[in-house]
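Thanks for making time this morning.

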Amino acid sequence: MDQFIAEPWNKSSPCSKQFKFAIKCEEAGVDAIVAEGFEAGGHNGREETTTLCLIPQVRRATSLPLIAAGGIGTGEAMLATMILGAEGVQTGTRFALAEESSAHINFKQYCLNLNEGDTRLALKKLAPVRLVKGDFLDAVLTAEATGASTDELRTLLGRGRAKKGIFEGDLSAGELEIGQIASLFRKIESVQDIMSELTDTFNKLLQEPPGPLRIK
């Protein structure tokens, strides 16, 4: 499991959504690269490249240590990214919903009841972001469908919406961001329990052929 324990990098490990940006990062002298597929929550790439496609492309483009991100919340997914060429993983959604997370309990419980398709990539005219279904996403999609300008979308977004939704628990007026993988999980767990499950599953799979994925 040592290869999946991240150590602080001397310079930086920028997040890349495209393999061409990974090349620029290496030329700039960074120590490592985080390659994030568009399954991830929050701000995303415009090309909508999945982690499964992005990781091998970045691996081919650079020799730097590669950290995979986007849709990774299980030991099985960790092993898959390793096979694709990553040396480590970045897991956001799973820990955002953990007991110790500073996210509001309303947000956590709401996200733990999501199903496939309950998040959407929106606000592409500003900065693409994966949002959770709800009043704010409905308003954004309606505005985009009627041809809202960049300025109109910026006014709709306003300031502090993510804080209001994620950290203050306002599920109606707030901006709710979470990754697609949230729909796999149904309970709030401690960081210790999550880490134990991730590492135990990963190490077990290294010792025996993997079978069908079974999420508890």
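In this predicted model, the side chains of Glu 189 and Arg 94 meet in a salt bridge, with N and O 3.0 Å apart. Glu 189 lies in the loop between helix H8 and helix H9, while Arg 94 belongs to helix H4, so the pair ties together parts that are 95 residues apart in sequence. Both Glu 189 and Arg 94 are buried, and together with Glu 197 they are linked in a network of salt bridges.

The structure holds six salt bridges, and I will take two others in turn. Lys 124 forms one with Glu 48, where the closest N and O atoms are 2.2 Å apart; this pair links distant parts of the chain, 76 residues apart, with Lys 124 in the loop between strands E6 and E7 and Glu 48 in the loop between strand E3 and helix H2. Lys 124 counts as partly exposed, at 34% relative accessibility, and Glu 48 counts as partly exposed as well, at 33%.

Asp 118 forms a salt bridge with Lys 133, at 3.5 Å between the closest N and O atoms. Here Asp 118 is buried, with a relative accessible area of 13%, whereas Lys 133, at 37%, counts as partly exposed.

Turning to the nonpolar side, the largest core has 22 residues, and those touching the most other members are Ile 33, Ala 35, Ile 55, Val 58, Leu 66, Ile 72 and Met 78. Helix H9 gives the most to this core, with four residues.

Finally, the aromatic rings: the structure holds zero aromatic pairs, but Arg 130 lies over the face of Phe 38, at 5.0 Å from the ring centre.

Technical notes:
Residues numbered from 1 in each chain as written. Predicted model: local features only at pLDDT ≥ 70, side-chain atom pairs only at ≥ 80, totals over all residues. Heavy atoms only, no water. Phe/Tyr/Trp six-rings, centres within 6.5 Å; stacked < 30°, edge-to-face > 60°. Lys NZ or Arg CZ within 6 Å of the ring centre and 35° of its normal. Core = buried A, V, L, I, M, F, W, Y, C linked by side-chain atoms within 4.5 Å. Buried < 20%, exposed > 50% of the residue type's maximum accessible area, 1.4 Å probe, protein only. Helix = DSSP H or I, 4+ residues; strand = E, 2+ residues; numbered from the N terminus. Salt bridge = Lys/Arg side-chain N within 4 Å of Asp/Glu carboxyl O.
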